[in-house]
Amino acid sequence: SIGNVLLPAEVAASIWEGWMPPPPPSPEWEAYKASAEQLGSAAGRALVASESAYYGRLRPLLLEGCGAVCDHSLHRPGPDLGFWLSPVVAPVNCAGLLGNRQLTESAHLWPPPSTVPVTFEMDFRAVGVAIVEKYMTPYNRSGHTAAPTPKRCRWWEPEAVENLKGLLRGMNDQPLWWKGFDRYVGYDFDDLNTTWRFVQDLHEFKSDIEDTARHWLVLGSENPWIEAALLETGVATKVTTLEYTELARCPSLHPDIHPVTPSQFSADYPGGERFDGFVQYSSVEHSGLGAYGDEINPWADRQTIAQLWCRGVEGAWFIMGPGPPGPGGSTWENSRYPDKIYFNAGRDYGVGSMQRLMLNWQLVRPAKTLWNVHLFRRLEPSGDVGSSGT
């Protein structure tokens, strides 16, 4: 078995430097961590007992309707290129997944644990995934906050989105600075040009994507750089943003961008509109780890991707990134292992975990580098229960 793997402080710092520094720990967090580590004390034992009871009740609720999506044994071992050439295909209970309201609930315990709860130990460690614990204090709980801030609303205003589209239209291969808001666009910083790579990938993908692929959904957006890129390149004419924060409460939004919350997205099935394509960029690997106010859920990333599959048209497209750039690759640079969880910050996806994550999606174009994106296409498994909505 694989025990806890603790990264040296300088390695951990280098991974996060420049793009998501955690805030200073709160007094409440320090008290929680201290009591959790003192397992021999009465307070520590009481904490573990209450936590185990809570997660023990939560676990079966998370698994309702999940079926093959939560099956850790689903993978296709083989040669080095096994994942890229042979996707895993299995029936999906779309009505069960989208009807499980527990999957969109905010966490009721805060701050989240810094180590994997005992209840979920085997679920997280299944199929040989290494876990780096106590990797990150809770970033914030704003991911599950209903009301957007006035500053965030300004990013989504029509004038701001059009300004962003203009910047994308005239950009070069340098990191893109959003002058009007005094910040980099997307995940750009210093010498990292993720925005330019994404836009170039979109131009290349257009030769594969038919003209009918016009309504796209973006999974998780702090600001609309992906939405603007889809509209500016002509890949999409309409974009839906799936985001916990209720962006619809902003006073002014771009007419081609339509925000929806996860609960609204699920409630809209099976009668709601189907999507021609989806984009996930550095969002799903954080799901279910608790750092952003969500419940601890070992299957959250796979459930999220499967829910998108359920809402796609036949032959829908999926842009997934960043990376990994090939078999055995990983989501983040400097990672030493192909399959790893940084609890409670994020995941690295190797061949095995990517197979399970991208259930029923066929790779069309692999990412060229760590910071580029993949293009997948929706597969229709025999015996699928998703299309019928049962």
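## The aromatic cluster

Tyr54, Tyr55, Phe120, Phe124, Trp299 and Phe343 are tied into one cluster by ring pairs (Phe, Tyr or six-membered Trp rings with centres within 6.5 Å; planes under 30 degrees apart are stacked, over 60 edge-to-face, the rest tilted). This is a predicted model, where local features need pLDDT of at least 70, side-chain atom pairs count only at pLDDT 80 or more, and totals for chains, interfaces and linings use all residues. Numbering runs from 1 along each chain as its sequence is written, and side-chain values use heavy atoms, with hydrogens and water left out.

Searching the whole structure turns up 17 aromatic pairs. Phe120 and Phe124 make an edge-to-face one, with 6.4 Å between centres and 90 degrees between planes. Phe120 counts as buried because its relative accessibility is 0% (buried is under 20% relative accessible area, exposed over 50%, partly exposed in between, with a 1.4 Å probe and protein chains only). Phe124, at 3%, is buried too.

## The nonpolar core

Phe120 and Phe124 turn up again in the largest nonpolar core, which has 50 residues; they are listed with Phe318, Met358 and Trp361 as having the most contacts inside it. Such a core is a set of buried Ala, Val, Leu, Ile, Met, Phe, Trp, Tyr and Cys residues joined through side-chain atoms within 4.5 Å.

## Around Trp361

Leaving out neighbours within four places in sequence, Trp361 is in contact with several residues, including Phe278, Trp309, Phe318 and Arg378 (contact is heavy atoms within 4.5 Å).

## Charges over rings

Arg378 also lies over the face of Trp309, 3.8 Å from the ring centre. Likewise, the charged end of Arg183 sits over Trp155, 4.6 Å from its ring centre. Here NZ of Lys or CZ of Arg must be within 6 Å of the ring centre and within 35 degrees of the ring normal.
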